[in-house]
Amino acid sequence: MAEPTHPHILCNDLVRIFTADGVEVQALQGLNLRVDPGEMVAVVGASGSGKSTLLTILSGLDTATAGSASVAGHDLLAMRSRERVEYRRRTVGFVWQQTSRNLLPYLTAAENIALAMNVAGTLRGAARAARIDELLGLLQVGEFGDRRPPELSGGQQQRVAIAVALANSPLVLLADEPTGELDEATSASVLEAMRSVNEELGVTTLIVTHDPTVSEHVRRTVQIRDGRTSTEVLRSTRIDEHGTEEHVAEEFAVLDRVGRLQLPHEFVQRLDLRDRVRLALEPDHVGIWPGGGGTSAGEAGTTGGGGEPEADTAADAADRSTHEEPR
Ligand SMILES: Nc1ncnc2c1ncn2[C@@H]1O[C@H](COP(=O)(O)OP(=O)(O)OP(=O)(O)O)[C@@H](O)[C@H]1O
């Protein structure tokens with residue numbers, strides 16, 4: 001039997017509560033996320049959904065209020081300050097939205113990468129120079145090693161920032177709105193550069209962003225809503241019956257360890273689902289009906305099956321199933 005993979009990022013029921021002026025804000029409300037080694041995943045959500053809070057915790061700059069979070073085997077809630085420093089220097093690399101946070105403006109691109117190696121005490125001499133050339137080449141900014149950030153375009157600056165983030169060969173690359181200050185075409189090319197780095201170096205990559213178009217550049221997009229992951233879109237390529245390659249995107253609801261899921265907002269609105277719903281366990285899917293005693297019927301959060309089941313059947317099945325209220 002194959003060995004189970006240990007995820008590179010694992011968050012279980014992650015909660016972060018901020019208190020400002022006596023008012024509590026639950027930025028993360030029991031978030032679950034798993035990213036396996038070598039995956040490239042985008043976490044996409046509206047402003048205020050908790051993206052930056054999640055990334056700040058994963059980067060070791062903040063600690064969660066409850067739940068668990070681990071990155072490449074480091075338990076982020078139990079980590080002490082010395083481990084935290086090493087973790088930030090060697091285990092994870094970061095790319096932030098603002099280039100000013102990624103690069104020092106008075107150092108050249110090559111010197112910015114060298115500085116990251118200096119701080120972590122990694123490569124020296126010829127090995128260092130070779131690695132800097134390799135990284136700049138990989139990010140397609142090989143000819144700009146001697147330029148300072150103000151002499152580079154926004155897209156080139158972010159490519160150099162990615163090279164800096166990779167300087168100490170981290171296992172995980174974390175990016176917070178890495179294309180937030182770029183135009184559409186430049187964003188697409190920077191995301192493609194991140195994808196080729198992910199493929200060539202195998203570095204696990206997590207991007208958080210409000211920009212839904214990022215999902216076109218990754219295989220898996222996780223939607224975050226109100227501090228929780230809600231749905232996922234998986235992209236794959238398959239060959240159709242004419243031998244033509246086609247790209248397929250499928251949307252899934254995220255089911256947590258205890259069986260909770262969030263229905264997509266449109267489903268809830270369309271069927272006017274409120275307070276409680278009726279459930280029916282079918283051989284290959286689960287049906288969900290409005291619970292208000294109406295006659296309208298529909299299905300949500302299901303795989304397989306089709307057609308509109310009888311409301312009576314749903315009620316019967318719901319009676320047969322557990323009567324526990326969803327938590
Ligand atoms: N330090 C803080 N103190 C109080 N509330 C905070 C703090 N940081 C974040 N919040 C609140 O937590 C919630 C989530 O914020 P967060 O910055 O994680 O969202 P986001 O999805 O990254 O949004 P944006 O895309 O606008 O940056 C928001 O309601 C925000 O106001």
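Biologist: Which residues of α1 are buried in this predicted model?
Modeller: In this predicted model, helix α1 covers residues 51–58, and six of its eight residues are buried, so the helix is largely enclosed by the rest of the structure. Named one by one, the buried residues of α1 are Lys 51, Thr 53, Leu 54, Leu 55, Ile 57 and Leu 58.

Biologist: Which residue just after α1 takes a positive phi?
Modeller: Helix α1 is assigned to residues 51–58, and the residue in question comes just after that helix. Its phi is about 80°, and the residue is Gly 60.

Biologist: How many of the residues of α6 are buried, and which elements do they pack against?
Modeller: Helix α6 is mostly covered, with 11 of its 12 residues buried, and the buried residues include Gln 156, Val 160 and Val 164. These buried residues pack against both strands and helices, namely β6 (92–95), α3 (99–102), α4 (109–120), α5 (125–138), β7 (172–176) and α7 (184–201).

Biologist: Are α6 and α7 roughly parallel or roughly antiparallel?
Modeller: Two packed helices are described by the angle between their axes and the distance between the axes. Here the axes of α6 and α7 come within 9 Å and cross at roughly 20°. Because angles under 35 degrees count as roughly parallel, the relation of α6 to α7 is roughly parallel.

Biologist: Which residues of α7 make the contact with α6?
Modeller: Helix α6 passes α7 in a right-handed crossing. On the α6 side the contact is made by Gly 154, Gly 155, Gln 158, Arg 159 and Ile 162, and on the α7 side by Thr 186, Ser 189, Val 190, Ala 193, Met 194 and Val 197.

Biologist: How far apart are the end C-alpha atoms of residues 9–261?
Modeller: UniProt, in an unreviewed entry, lists residues 9–261 as "domain: ABC transporter". Over these residues the chain is 31% helix and 32% strand, and the end C-alpha atoms lie apart by 20 Å.

Note on methods. Residues are numbered from 1 along each chain as its sequence is written. This is a predicted model: local features need pLDDT of at least 70, side-chain atom pairs count only at pLDDT 80 or more; totals for chains, interfaces and linings use all residues. UniProt positions are given in the numbering used here, feature names are shortened, and annotations may be inferred rather than shown by experiment. Helices (H or I, at least four residues) and strands (E, at least two) are DSSP runs, numbered from the N terminus. A residue is buried if 20 or more other C-beta atoms lie within 10 Å of its own, exposed if 12 or fewer, and partly exposed in between; C-beta atoms are placed from the backbone. Two residues are in contact if their C-beta atoms, placed from the backbone, lie within 7 Å. Axes are lines fitted to C-alpha atoms, for helices over the stretch in contact, and angles run from 0 to 180 degrees between N-to-C directions. Angles under 35 degrees count as roughly parallel, over 145 as roughly antiparallel, 65 to 115 as roughly perpendicular and the rest as oblique. A crossing is left-handed if the near helix is turned anticlockwise from the far one by less than a right angle, and right-handed if clockwise.
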